[in-house]
Amino acid sequence: MKVAIIMGSTSDWGTMSAAAETLKEFGVESSVHVISAHRTPDLAADFAKNAKANGYGVIIAAAGGAAHLGGVLASMTTLPIIGVPIKSKALGGMDSLLSIVQMPSGIPVATMAIDGAKNAALYAIHILALNDEALSAKLDEFRRKQTQKVLDAKIEF
């Protein structure tokens, strides 16, 4: 299964490239798309409705401002949607965060921190690892190394 990274604008790539890099490090196939919930709604609907048939297992949706992309996609597919609120100039990303996290009952979007692209990728990997032993082992090793790094940290004064 592969992961779709969908951004509302090309300006989101500076943040979302971390998701693509993380997926690549784990050997997870992904594709990147620019689809706007407001400017290309037909494209968003088509992508969401066909994502499962096209081999996607998870969709990461990143948007700023009104940030409706994840919710629009979630309303049209049963695939897990992971929302990444993008930091905005006007409200620092709080508008994006609240737009994604306040989904109506029945249309969930897992919501990461503002600009939380890497965690979005790791969450997608967790989902895919449920049915992929090799990926699960890579995730276990990642966690082991992360833990060891903390245990090895020294502060000298």
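The sheet is open and has five strands, with parallel pairing, in the order β2-β1-β3-β4-β5. Strands here are DSSP runs of E with at least two residues, helices are runs of H or I with at least four, and both are numbered from the N terminus; two strands pair if DSSP finds at least two bridges between them. This is a predicted model, in which local features need pLDDT of at least 70 and side-chain atom pairs pLDDT 80 or more, while totals for chains, interfaces and linings use all residues. Residues are numbered from 1 along each chain as its sequence is written, and side-chain values use heavy atoms, without hydrogens and water.

At the edges, pairing on one side only, are β2 (30-34) and β5 (110-111). Strand β1, residues 2-7, runs parallel to β2 and is joined to it by five bridges; I5 has V32 of β2 as its bridge partner.

Which strands does α5 touch as it packs on the sheet? They are β1, β3 (56-64), β4 (81-86) and β5, where contact means heavy atoms within 4.5 Å.

Let us turn to the pockets. A pocket is an open set of points on a 1 Å grid over the protein atoms alone, where a 1.4 Å probe fits, with protein on both sides within 12 Å along at least five of seven lines; lining residues have an atom within 4 Å of a point. Eighteen residues line the largest pocket, and G8, S9, D12, A63 and G64 are the closest to its centre.

Key. Axes fitted to C-alpha atoms, helices over the stretch in contact; angles between N-to-C directions.
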